[in-house]
Amino acid sequence: MRVLPRQLDQPLLRPAVEPGVGAHALASPEQQATAPAFSGSTGPEEADSYVERHTMADTAKPKGGGTTRSTGGRRRSRKDSPSNIADEQPKVLLEYYRQMLLIRRFEERTGQAYTQARIGGYCHLNLGEEATIVGLMTALQERDYLFTNYRDHGYAIGKGMSPRSVMAELYGRSTGAAKGWGGSMHMYDTETRMLGGYGIVGGQLPLATGAALAISYRGGDEVVMCQMGDGTTNIGAWHESLNIASLWNLPVIFVVINNYTGMGTPVEASSAEPELYKRGSAFRIEGVRVDGRDVLAVRDAAANLVERARSEQRPFLLEATSYRMKGHSVVDPAKYRTKEQVEEARSNDPITAFEATLEKAGILTEEAKQEIADSVREEVADAAEFAENSPHPEVSTLFDYTYATPVANESRRMPADPVFAE
Amino acid sequence: MSVITYRQALRDTLRAEMHRDENVFLMGEEIGVFEGSYKITEGLLKEFGERRVRDTPIAEEGFVGAAIGAAMLGLRPVVEIMTINFSLIAIDQIINHAAKIYGMFGGQTSVPMVIRTPGGGGQQLGATHSQNIELFYSFVPGLKVLAPSTPAEAAAMLRAAIRDDDPVLFLENLGLYNSKGEVPEGDETVAEIGRAAVTREGTDITLIGYSRMAMVAGQVAEALAAEGISVEVVDLRSLRPLDRQTIVESVCKTGSAVIAEDDWLTYGIGAEIAASIQEGAFDYLDAPVRRVAMAEVPMPYAKPLESAALPSVESITTAVKETLNAVGRRVG
């Protein structure tokens, strides 16, 4: 029995974790008070009645009415992480913090290198998404696969790729993840199962669905995670992929990073249903929304869906609300954002918030903070130095990667070469 | 040696490849319960079950992309797109993904998949269902595009396509499915991708075609032989890579060439062939290279209009004779 996602404004039928219990310090009391419910897991025994209720409520509500529309897409989930920070291993929390900081410093260095013209092409940074990335990647097992869009540097590192290989790829060097063939938008690593950043919006969705099909075909127990931005939920590949994934019961988690802006277009201006996690309902895919600034909330929501996808063999949809701290890409001054929005993004820095939480809980000491900051700075500096000192790919390798199976009469003509050499 | 249809050759090969390799499976619209729009997959669902013969929703971008993703994990999907016209819905996945994934990620993963799809006009299907747009795919490095014209070639080339580690667009033709030809019993030939074939030797002129036009070229050559004209027929078989050498060698021998193509003339595949001949056989040419192609209109429905728009035995014969007259051989 497939379960439809619960509407944001409906009461929880059975919360996965009692609200208010074990709330950690990321959410203030007033945030807790206004917290809309997010969809936790509903037991199969409740599925039937829930489907009915959802359908009836949905059809009874006129389009444009109801809480959902009136609040538009701007409402952010304030659901506390179900995890109690006191129950967490301090070591693990510090590792999350370290990874978040690593991504932050890595991306800052990337932005710097880009403005110094060390990096070419487009360059989209993960600044502000560190909690989401670390939460998501922590929820995956090593054997699980990841597909992302072009904003992929942090994910590559989070999935286990070395900052060196990512930075070298950004620099276009032969030591890069894709030997200098991919660049910023196309990180890839077979070993860590990061199966690609993809530059075409929506392109990764059918691929991820197919990877899940291969797992299902072989009876494997891996899961595929497919990350995308909010704008992707409007493209055809979204609808085709979610439909196929649900129809064929494939173990894939579609993760929408909703930073409320597709380049410069607000989510309400592009999506008729701006509550994006609900958009799985047309395919009977349960959707969950989580606060993407909260690493533990993201981890728990994602881990829950990942393990359910694994055991139940079906797809899920996870929406992580997010703030993009900078423009769409390094060169975008983001003039379409109001001062308030920029300020809001700054005040919602997930790293500052997590840092404060850990400090308050006595987990992050001043000494540990300095130590982590130093080690991260060192790792990023090492990655940049490695990239800088790595060789450029040899021009003689230009025709090495057109085909995996060598083929007769492959054209290997350089510009200005005659077609038929003497 | 047995005589079977092009359709039967495809079906037999699919079946044999599925028995040979567990990783080979079929996907497409109506290929299972309905047994295929053109019945290529008849009986295969019954024999292999739903896991290996997968009916898809009408979602070309979704299921072609899913095949690519499955291929990245090592499966060998053979996708049927009902007609090449519908491949346009999947063109982002074919060109931006299937063709790119091997190179763009520095050779870390290959995409061993086949897209089978028929082109072809002449069935009164109108403008959107009669196109020959294999050119779009032949343009793209990273793809391999095959266009067999006989049952034996179809079998040998499909075998090669399935066993190849790269994405292959396998072009069939509505007008060829019922054509018959000899296929050796128990034949296991795996064609070499990227090779054209001289399917008929001749000395007066080279006639070049692929897919249905290679078959028609053979008919033209046969008829002209009775008039004492010796036509050499080159079947391109592979549109990417393109075997320029075989074409040029033939033209160097005969001194003139006519290209027959089912697609549109301007920017068409014939244009590339003509350019290749010019580059490789300029000094050997005794007459300008002629192209016979589809009329450059959206294909009409009405039979007389449709027939007039398509290249035919007559129009190709005319072009061959005019070329030979230009050479200085009076052939009437």
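This is a predicted model: local features need pLDDT of at least 70, side-chain atom pairs count only at pLDDT 80 or more; totals for chains, interfaces and linings use all residues.

**Stop 1: chain A as a whole**

Residues are numbered from 1 along each chain as its sequence is written, while chains are lettered from A and ligands numbered from 1 in the order in which they are written.

Of the 422 residues in chain A, 49% count as buried. Buried means that 20 or more other C-beta atoms, placed from the backbone, lie within 10 Å of the residue's own. Take the contacts in chain A between residues at least 6 apart in sequence: 79% of them join residues at least 24 apart. A contact is two residues whose C-beta atoms, placed from the backbone, lie within 7 Å.

**Stop 2: a covered strand**

Now select 287-291 of chain A, which is strand E7; five of its five residues are buried. Which residues sit on each face of E7(A)? A:Gly287, A:Arg289 and A:Asp291 are on one side, A:Val288 and A:Val290 on the other, and all are buried.

Two strands pair if DSSP finds at least two bridges between them. To find one such bridge, show A:Val290 and its partner A:Ala320 in E8(A). Then bring in helix H11 of chain A (residues 295-312), which makes a right-handed β-α-β unit with E7(A) and E8(A). With the strands pointing away from you, the path from the first strand over the helix to the second runs clockwise in a right-handed crossover.

**Stop 3: where the chains meet**

Show both chains. The contact takes 41 residues from chain A and 48 residues from chain B. On the chain A side, strand E2 (194-197), helix H8 (204-218) and helix H9 (236-247) each supply at least two residues. H8(A) gives the largest share, nine residues.

**Stop 4: two domains in chain B**

Finally, colour chain B by its domain assignment: domain 1 (2-183) and domain 2 (197-327). Such bounds come from an automatic or database domain assignment. Taken over C-alpha atoms, the centres of these domains of chain B are 26 Å apart. Their contact takes 26 residues from domain 1 and 21 residues from domain 2.

Technical notes:
A residue is buried if 20 or more other C-beta atoms lie within 10 Å of its own, exposed if 12 or fewer, and partly exposed in between; C-beta atoms are placed from the backbone. Helices (H or I, at least four residues) and strands (E, at least two) are DSSP runs, numbered from the N terminus.
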